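Please open the model in a viewer and keep the selection panel at hand.

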Amino acid sequence: MIVAVVVLTVLGSALGLLLSLAARYLQVPGNPLGEEILQLLPGVNCGQCGYPGCGGAVEALVAGIAPPTLCPPGGPTLARALAARLGRTLGVADDQPLLLAEIDESRCIGCAHCGKRCPTDAILGAPRQIHAVFQEACMGCGLCVEVCPTECLQLRPPTPTLSTWCWPKPALAGG
Ligand code: SF4
Ligand code: SF4
């Protein structure tokens, strides 16, 4: 009996040692870029990007087959961070004044084409209902404008708020 216990203990220790050595020396190094991208994503594995969880989205981003706008819950902040980290563009010029989508509700027919196209889930509304843009989530890519059949969706300067309003720039003398 004692011999069996000793043999099993020695065997278990030897196998444990082997496993820890294998984990240390046979480890496949992870992709540091992928791990960094994973840290940026919300990590809720909601699947709204069309990939099986955030891990699948990371693989597609690193492989360059998914756009930085793939994650609706991350919104424009995450899209900009992903584009900067991956060295890609969002199709929105940095040197132009920011324009955001706005819907003329009197002409919206509720076709819902815009909501399906928006990469950041910034458009609110149900089929056959008037739609509206949640401007905090809009990054001004203009994709929704292209699909609106009534042209009631336009990119416009954002409505000033108490925190964004500023005096207009003075006109240049002689200009
Ligand atoms: S411009 Fe339109 S498609 Fe692009 S983020 Fe704004 S609402 Fe969405
Ligand atoms: S695409 Fe245009 S008409 Fe259709 S729901 Fe959006 S804003 Fe309304």
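Helices and strands here are DSSP runs, a helix being H or I over at least four residues and a strand being E over at least two, numbered from the N terminus. The model is a predicted one.

Begin with the whole protein in cartoon view. Six helices and four strands make up its secondary structure, and along the sequence they follow the pattern α-α-α-α-β-α-β-β-α-β. The radius of gyration is 26 Å, well over the 16 Å that the globule rule gives for 175 residues, so the protein is more spread out than a compact globule. Along the principal axes, the C-alpha atoms fill a box of roughly 95 × 50 × 30 Å. Buried residues account for 21% of the 175 residues.

Next, colour residues 32-86 and 100-156 separately: the domain assignment gives these as domain 1 and domain 2. Their centres, taken over C-alpha atoms, are separated by 23 Å. Five residues from domain 1 and six residues from domain 2 form the contact. On the domain 1 side, the touching residues comprise three nonpolar, two polar and no charged.

Now select Ala-57, Val-133 and Cys-144, the residues with the most contacts inside the largest nonpolar core, which has 26 residues. Helix 3 (53-63), helix 4 (75-86) and strand 1 (100-103) each give two or more residues to this core, and the largest share, four residues, comes from helix 3. Both domain 1 and domain 2 give residues to the core, so it lies between them.

Finally, centre on Cys-144. Leaving aside residues up to four places away in sequence, Cys-144 touches Ala-101, Cys-114, Arg-117, Cys-118, Ile-123 and Leu-153.

Technical notes
Residues numbered from 1 in each chain as written. Chains lettered and ligands numbered in written order. Predicted model: local features only at pLDDT ≥ 70, side-chain atom pairs only at ≥ 80, totals over all residues. Core = buried A, V, L, I, M, F, W, Y, C linked by C-beta atoms within 7 Å. Buried ≥ 20, exposed ≤ 12 C-beta atoms within 10 Å, placed from the backbone. Domains from an automatic or database assignment. Contact = placed C-beta atoms within 7 Å. Nonpolar A, V, L, I, M, F, W, Y, C, P; charged D, E, K, R; others polar. Rg over C-alpha atoms; globule rule 2.2 N^0.38 Å.
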